[in-house]
Amino acid sequence: MLKTREVLEMCRRCYVFKYDNKWHFEKPEHLRDRDPDERIPVRFSQCSACIEEALAIYDMEYI
Ligand SMILES: [Zn+2]
């Protein structure tokens, strides 16, 4: 069985990782020592920076 905490959330635009309720450019520490060939399940979303950027672009279309 897969543990919930092993599902990594990743920004689909800039590939930062979400853990500890923050976005990080580094992989979580518990994944760094893993076999690089081991597949870690990833759930794609958007980080706060990309959401803000997307909103800014969206706003500009209406100026
Ligand atoms: Zn992002």
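The model is predicted: local features need pLDDT of at least 70, side-chain atom pairs count only at pLDDT 80 or more, and totals for chains, interfaces and linings use all residues. Residues are numbered from 1 along each chain as its sequence is written.

**Overall fold**
- The protein has two helices and four strands. Helices (H or I, at least four residues) and strands (E, at least two) are DSSP runs, numbered from the N terminus.
- Starting at the N terminus, the order of elements is β-β-β-α-β-α.
- Of the 63 residues, 2% count as buried. Buried means that 20 or more other C-beta atoms lie within 10 Å of the residue's own; exposed means 12 or fewer, partly exposed in between, with C-beta atoms placed from the backbone.
- Among contacts with a separation of 6 or more, 69% join residues 24 or more positions apart. A contact is two residues whose C-beta atoms, placed from the backbone, lie within 7 Å.

**Helix α2**
- Helix α2 spans residues 48–60, which is 13 residues.
- From first C-alpha to last, α2 reaches 18 Å, close to the 18 Å expected at 1.5 Å a residue. The expected span is 1.5 Å times one less than the number of residues.
- The number of buried residues in α2 is zero, so the helix lies largely in the open.

**Two loop residues with positive phi**
- Tyr15 sits in the loop between β1 (8–11) and β2 (17–19). Its phi is near 60 degrees, a positive value in a residue other than glycine.
- Tyr15 counts as exposed because it has 11 C-beta neighbours inside 10 Å.
- Asp20 lies in the loop between β2 and β3 (22–24). Its phi is near 55 degrees, a positive value in a residue other than glycine.
- Asp20 is exposed, with 8 other C-beta atoms within 10 Å.
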